[in-house]
Amino acid sequence: MATITMTPPWSSFSMKSSSREHKNSGSCSRPCQSIKAMRIEKPLEELYNVRVERNVSKERLAELGVSKWSVWKTGKCKLPWDWHVDQLVYIEEGEVRVVPEGSERFMRFVAGDLVRYPKWFEADLWFNDFYQERYKFRAYGDD
């Protein structure tokens with residue numbers, strides 16, 4: 001008779017036999033099996049509710065009126081930043097690495113990306129070279 005083992009879709013397991021563990025433990029009458037679980041992490045965008053649209057079309061930019069938004073530029077630097085309101089950003093040139101407060105991982109956004117940062121989000125922004133964006137602060141209920 002066959003045995004079916006079901007594992008959750010969010011985990012990955014591998015079985016390894018270790019004769020060294022068998023010799024040292026003294027409690028197994030046959031080679032012991034060890035299970036290794038692989039850690040699967042959610043994307044930071046999902047964890048922090050940061051929305052991104054990649055390679056935004058000209059039609060979408062026109063629909064949003066991006067050409068009328070304020071312009072912000074910087075060079076190579078690191079800035080601590082916190083958002084007190086939702087902000088919509090269209091990156092025109094360069095790239096930014098966004099490291100959320102308390103995280104060691106980062107999100108990377110480049111020219112052509114439309115990014116929505118949520119209210120109360122805090123992060124360090126790393127710019128490696130010239131960077132230019134257009135931005136708009138969003139009022140409650142804007143969608």
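Reply: Among contacts (heavy atoms within 4.5 Å) between residues at least 6 apart in sequence, 72% join residues at least 24 apart. The model is a predicted one, in which local features need pLDDT of at least 70 and side-chain atom pairs count only at pLDDT 80 or more, while totals for chains, interfaces and linings use all residues. Residues are numbered from 1 along each chain as its sequence is written, and side-chain values use heavy atoms, with hydrogens and water left out.

The chain contains three helices and eleven strands; both are DSSP runs numbered from the N terminus, helices being H or I of at least four residues and strands E of at least two. Read from the N terminus, the order of these elements is β-α-β-α-β-α-β-β-β-β-β-β-β-β. Of the 143 residues, 29% are buried, where buried means under 20% relative accessible area, exposed means over 50%, and partly exposed lies in between (1.4 Å probe, protein chains only).

Leu88, for example, has Lys136 in β11 as its bridge partner.

A second open sheet is formed by four strands in the order β5-β10-β7-β8, again with antiparallel pairing. At its edges are β5 (77-82) and β8 (107-110), each of which pairs on one side only. Neighbouring strands of this sheet are turned against each other by 25 degrees on average, with direction ignored. Strand β7 (residues 95-100) is joined by four bridges to strand β10 (residues 122-127), and the two run antiparallel. Here Arg97 has Trp126 in β10 as its bridge partner.

Arg97 leads on to the charged side chains. The structure holds ten salt bridges, each being a side-chain nitrogen of Lys or Arg within 4 Å of a carboxyl oxygen of Asp or Glu. One joins Arg97 to Glu95, with 3.7 Å between the closest N and O atoms. Glu95 also forms a salt bridge with Arg108, where the closest N and O atoms are 3.1 Å apart. This pair links distant parts of the chain, with Glu95 in strand β7 and Arg108 in strand β8, 13 residues apart. How exposed are these side chains? Arg97, with a relative accessible area of 32%, is partly exposed; Glu95 counts as partly exposed at 21%, and Arg108 is partly exposed at 41%. Elsewhere, Glu46 forms a salt bridge with Lys42 at 3.7 Å between the closest N and O atoms, and Lys42 is partly exposed at 47% relative accessibility. Glu53, Arg60 and Glu63 are linked in a network of salt bridges.

Two loops complete the account. Asp113 lies in the loop between β8 and β9 (114-117), and it counts as buried because its relative accessibility is 1%. Its side chain reaches the backbone nitrogen of Val110 at 2.9 Å. Apart from neighbours within four places in sequence, Asp113 is in contact with several residues, including Glu53, Tyr90 and Arg108. Ser103 is found in the loop between β7 and β8. With neighbours within four places in sequence left aside, Ser103 is in contact with Leu44 and Tyr48. Ser103 and Leu44 are 59 residues apart along the chain, and their C-alpha atoms are separated by 9.3 Å.

Notes:
Pairing = 2+ DSSP bridges. Axes fitted to C-alpha atoms, helices over the stretch in contact; angles between N-to-C directions. Polar contact = N/O pair within 3.5 Å; in protein donor to acceptor, adjacent residues only side chain to side chain.
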